[in-house]
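My notebook is open, and I want to see how a ligand sits in its protein. Let me bring up the structure and write down what I look up.

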Amino acid sequence: MTTTAWLPHSSHWGAFSARMGTAGLELRPHPADPDPSALLHNMPAALNHRARVAQPMVRRGWLERGPGPDARRGRDAFVALPWDRALDLLGAELARVRDSHGPGAVFGGSYGWSSAGRFHHAQSQVHRFLNMALGGYVRSVNSYSAGASGVILPRIVGTMEDVARRNVTWEAVAEHSEILLAFGGMALKNSAVASGGISRHVERGAMDQAARRGCQFICIGPLRDDLPEEARAEWWPIRPNTDTALMLALAHTLLAENLHDEAFLASHTAGWPVLRDYLLAAPAKTAEWAAGITGIDAARIRDLARRLAGRRSLITVAHSLQRAEFGEQPVWMGLALAAMLGQIGLPGGGYHYALGALGHTGRRSVAVPIAALPQGSNAVRAFIPVARIADMLLHPGEGYDYDGRRYAYPDIRMVYWAGGNPFHHHQDLNRLRRAFARVDTLVVHESAWTATARHADIVLPATLTMEREDIGGAPTDPVLIPMRRLAEPFGQARDDFAIFAALAARLGREHAFTEGRDVQGWLRHLYEPTRAALAERGLPAPDFEDFWNGPGLDLPFAPDDGGILRRFRDDPAGQALHTPSGRIELASEVIAGFGYADCPGHPAWIAPQDVPHAAAPLHLVANQPATRLHSQLDFGATSQAAKRRGREAMRIHPEDAAARGIADGDVVRLFNARGACLATATVSDDVMPGVVHLPTGAWYDPEDAAEDAPLCVHGNPNVLTRDVGTSSLAQGCTGQLTTVEVERFIGNLPPVRAFDPPVPALAAE
Ligand SMILES: Nc1nc2c(c(=O)[nH]1)N[C@H]1C(S)=C(S)[C@@H](COP(=O)(O)OP(=O)(O)OC[C@H]3O[C@@H](n4cnc5c(=O)[nH]c(N)nc54)[C@H](O)[C@@H]3O)O[C@H]1N2
Ligand SMILES: Nc1nc2c(c(=O)[nH]1)N[C@H]1C(S)=C(S)[C@@H](COP(=O)(O)OP(=O)(O)OC[C@H]3O[C@@H](n4cnc5c(=O)[nH]c(N)nc54)[C@H](O)[C@@H]3O)O[C@H]1N2
Ligand SMILES: [Mo]
């Protein structure tokens, strides 16, 4: 298919238009985008890459011996089958599990980002299918992004939506903020991405404008580049996972020097006396106390507290801080610090959880509804906190604590994944392999041979957005994009919708799943609420044909009104928060009542267990990658250009490199008690001493698949991270940080095979 016209399309990293030239796909960013993302360049390679899944494949052991636990998952050969045969086998297996164990034996949590179009959104498709055609599934709650904060924030201030989205906007930062204390920074690489799409990347410009006006940006974190140059920031390196101690010391100084806003604390918060007593109780949370924990000089801590007081200050806490042991604490203490400063609810001031973590934050909200596929209702009640998947599979029936209650893990026989990559997102991947070995059947829809696909029993090839028609949009972006098809499907790839419709037919539930609509029928149906709402407001509301043939439809924004925090500030009694006290809770009787030692009733310093020690003397920061979205399109041009010698680049401080005889460009081995991976060293003082930085997203590539804890030769840090919850409260993911040792790799360098498809076995019969 070659087209001469430029057709609109979209992705999580930006709206664009494209045409198929003779040399392949040509892309240009949305014309309104002031700062397009380089992640766009990952896309052209995807259309015909050898890593694509070309046809349905079934694992040989499963085909020969039938469903059942099998430690050969991830090491076995695959057999190509025609679509009808593969769908018949899968339909029969779904019916078997449902009939002999019930739908509660199917785990369909299927966590993952999927792709930008709203109809073909694979998460929504798989959930709808399992609800409509199977009678439900065990789901997952919360996210890897905000596992701890998603649970604690509603108990102490408001929902994620209120605190991380409809809060301080970038316009308000540009105009009003005077000092912005960013715990974990606000790296532009992160705000480049927004689920559902983004037409304008505004963060660089907003920080530039604020800094020019005189706003002081302070980046608290282990990496210098967690704030962009345009912010002209001070960089304060901090020992990882000690931010709560710094926050407590800032609070202590404010209190000791009477710089805190006693009136705001009295009118808008509950529990201040509890927190105040904790600040003063032995050991007093003084700057000297925190200096020993954080590695930051006590005099500088005091000075920072004085600089924050009496000005329009904004405290931001990145998601990353809570993706760590006791991750609830910095989220809570950051809020408490902002409450003491008394700026919450003022333009450009107060507390914005996760500002800049994504391109959804700091934005205004679109005032009309955006297409979303209805998922139906789930008849199965059982769920797990999302990052407890390996625990669930390894320990069926065992009890665990979560958010004030005791639950038992369900007994899962079948796992169904579409639109996510657990071998990207989960921690301690060697443990995850053992967990997946326990199930009867693992099904994956994928466009490429990710490690998850390689560990599956049934792999069904899915189209990319570029190979289908969809509607792109996000509730924080002012353009709805007709995502036109840019290329024919690769090999025999099918849309997830088509796969589920065919399976639903085999289960006698086709009409319930499709409602009699084809893709175009669904797009029209899902477009209608947006059109009707536009018409109701007297705005241009084209019919579907005109929308489909146009460049993208402009959507109105709701006003920038500061959200619930502004309303609460202005009228604390009339616009009370949905917390037990109706106020910001600096201490929570409810949380105290749970009696959790790992999450007490007020923000507290709890010393982490995973700290550097003789066998693992360095902190590892395993954060979001700058060159791709998670693991998506790791084979693309931008992602590949940043690798060195084919491996992921690991940054190390010159002192730590010298102590280990490591030179820039050396291949290194990172290891700890859980696993090991290779990477290539970049020696740089943009990372603080004592810390190495290896982003996530390099496809897991075990050297010898027969071993229990094989070396990943490509650089996936999740072979090293710990599969442990944040606390009994939220049980969130703690993958951001762990401890490792690093050494120069000597010996024969094993090749990277992550992008080579598995060698097909001959058909079994
Ligand atoms: N160590 C560590 N680990 C982390 C984190 C960390 O900070 N440190 N961060 C965590 C966070 S915040 C997140 S959100 C997760 C992200 O984890 P995931 O969301 O699971 O990662 P992705 O790589 O985006 O996985 C999406 C998968 O869906 C596939 N896909 C895309 N479109 C389609 C489609 O239309 N159909 C089908 N069938 N498949 C499709 C892609 O090919 C890809 O394999 O990772 C978490 N893991
Ligand atoms: N390019 C790109 N952008 C993305 C994503 C992606 O995969 N690629 N993923 C998106 C998703 S799903 C999410 S949830 C967000 C995640 O947003 P975040 O979780 O905030 O992003 P990270 O890059 O993992 O972490 C931000 C920074 O926190 C710092 N940090 C780590 N530990 C500590 C600590 O203990 N203290 C302090 N002060 N700082 C620390 C690290 O230096 C890191 O660079 O990013 C989104 N944006
Ligand atoms: Mo995330």
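I started with a term: a polar contact is a pair of N or O atoms within 3.5 Å; within protein, one must be able to donate a hydrogen and the other to accept it, and residues adjacent in sequence count only if both atoms are side-chain atoms. The model is predicted, so to speak for local features I need pLDDT of at least 70, and 80 or more for side-chain atom pairs, while totals for chains, interfaces and linings use all residues. Residues count from 1 along each chain as written, chains are lettered from A and ligands numbered from 1 in written order, and side-chain values use heavy atoms, without hydrogens and water.

**Entry 1: contacts.** I found a polar side-chain atom of H424 3.5 Å from an oxygen atom of ligand 1. In the side chain of D496, an N or O atom is 2.7 Å from a nitrogen atom of the ligand. I then looked up the cover: the protein hides 97% of the 920 Å² of accessible area that ligand 1 has on its own (Shrake-Rupley method, 1.4 Å probe; for residues, only the protein chains shown count as cover).

**Entry 2: the shell.** Which residues come nearest to ligand 1? Of the 32 around it, they are H425, E446, D496, S631 and N718 (near means a heavy atom within 4 Å).

**Entry 3: domains.** Why does ligand 1 lie between domain 2 and domain 4? I noted that both domain 2 (57–138 + 389–472 + 479–512) and domain 4 (618–744) give residues to its shell, so it lies between them. The bounds come from an automatic or database domain assignment.

Entry 4: I sorted the shell around ligand 1 into 6 nonpolar, 22 polar and 4 charged residues. Here Ala, Val, Leu, Ile, Met, Phe, Trp, Tyr, Cys and Pro count as nonpolar, Asp, Glu, Lys and Arg as charged, and the others, Gly among them, as polar.
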